[in-house]
Amino acid sequence: MSVTVISESSNGALHPVTAQLVGAASSLGGSITVICPGGVGSSDAANIAGVTKVISVEGDCFESYDCVAWSKAISPLVEGDLVLSSSSAVGRDLASSIAASMGVPVVQDVTSLTEGFSATRPIFSGKAIEEVGISSPCAISLRANSFESAGDGGNAEVSSVNVSQDITVAVKQALAKASERIDVSEADIVISGGRGMGEPANFSHLEEVADILGAAVGASRAAVDTWGEIPHSMQVGQTGKTVTPNLYIAVGISGAIQHLAGMRSSKFILAINKDADAPIFGVADYGIVSTWEEALPVLKEHLSDLLSN
Ligand SMILES: Cc1cc2nc3c(=O)[nH]c(=O)nc-3n(C[C@H](O)[C@H](O)[C@H](O)COP(=O)(O)OP(=O)(O)OC[C@H]3O[C@@H](n4cnc5c(N)ncnc54)[C@H](O)[C@@H]3O)c2cc1C
């Protein structure tokens, strides 16, 4: 049996529940690897008795919690038959997501584990206890204070992995920076992308135009809902932000009534859409019937020329 423990942290330090997770893992026997997201508390994790190895996984995505980015970074590092996390909100979330990416079952909120292999957990708000048969591989979240903590005195080796090169994370960071730089609701110029952008990485083309114009980057709800990399803070429309810039550029956006609700008071609207019948042209002052792949490079070139003269 080999077990991977996902450490828990709080206020930039290892949370004591991590030693309880190691205690639970020790009761099953075998080797124990502790993965420390963001590298937080990795040297303290190495001091817990019974830990075989610590992996300090670092990267930009660990600056704030994001289930998809964290589990994408952590899952490839998981070794062995069993993944243990705490049953905190983050721990439960990670257990599910890591289990999904590994294609293994998940059992949440476990209060006891037997070697043989079964687990118990409270159900119906604690009114009953369920016994669950477990076959490995499996991910399990453990309720805090249900397992005895492992003591100190360990001396595990610590290795570091940097996942910043992950393309999804890089795209997400770039987009977060773009939307942080100027909020769409404050910007004088907004360029927004819709589902017609094809994939979230293509939003980098909108950022390039935004860089030239000093604009904010927005998105339609379809883009936000379809791609986890596009944050809700970028959404323009009825259930997003209302914007009133001097110039609103809509790229690959059909112009549904709920999107128009958030941007139709813009002073000038430029729409780029390959479908001449798209409703966005009904509110646009200027329309370019073309794919963005053709239109954006030309727009960029002309804007650069215009602004450099
Ligand atoms: C209660 C409720 C609230 C909502 N709130 C919002 C909201 O706040 N904001 C919002 O945006 N939506 C909102 N919606 C969703 C809205 O109804 C639409 O589904 C959404 O706006 C569509 O987004 P889209 O235009 O990006 O996608 P689509 O409707 O799929 O349109 C994509 C467009 O891209 C074009 N296209 C495709 N490929 C290219 C290409 N290569 N080059 C150029 N153009 C291309 C297509 O011709 C098409 O017009 C809400 C819906 C409901 C029911």
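Two residues are in contact here if their C-beta atoms, placed from the backbone, lie within 7 Å. Please keep in mind that this is a predicted model.

**Around the ligand**
- The ligand is surrounded by 28 residues, and the closest are Gly194, Gly196, Arg221, Ala222 and Gly237.
- Sorted by class, this shell holds 15 polar, eight nonpolar and five charged residues.
- At least two shell residues come from each of α7 (221-226), α8 (257-263), β16 (268-273) and α9 (292-308).

**A look at Ala215**
- You will find Ala215 in the loop that joins α6 (203-213) and β14 (216-219).
- Ala215 counts as buried because 25 other C-beta atoms lie within 10 Å, and the cut-off for that label is 20 or more.
- Setting aside neighbours within four places in sequence, Ala215 is in contact with Ala187, Ile189, Val190, Ile191 and Ala210.
- Ser192 sits 23 residues from Ala215 along the chain, and their C-alpha atoms are 10.0 Å apart.

**Nonpolar cores**
- The largest nonpolar core has 45 residues, of which Val5, Val22, Val34, Leu84 and Ile140 touch the most other members.
- Helix α1 (residues 17-28) is the biggest contributor to this core, giving six residues.
- Another core, of 38 residues, lies apart from the largest one and includes Ala187, Val217, Ile230 and Ile272.
- Beyond its neighbours within four places in sequence, Ile140 is in contact with Leu82, Leu84, Ala95, Val107, Val110 and Ala119.

Conventions:
Residues numbered from 1 in each chain as written. Predicted model: local features only at pLDDT ≥ 70, side-chain atom pairs only at ≥ 80, totals over all residues. Near = placed C-beta within 6 Å. Helix = DSSP H or I, 4+ residues; strand = E, 2+ residues; numbered from the N terminus. Nonpolar A, V, L, I, M, F, W, Y, C, P; charged D, E, K, R; others polar. Buried ≥ 20, exposed ≤ 12 C-beta atoms within 10 Å, placed from the backbone. Core = buried A, V, L, I, M, F, W, Y, C linked by C-beta atoms within 7 Å.
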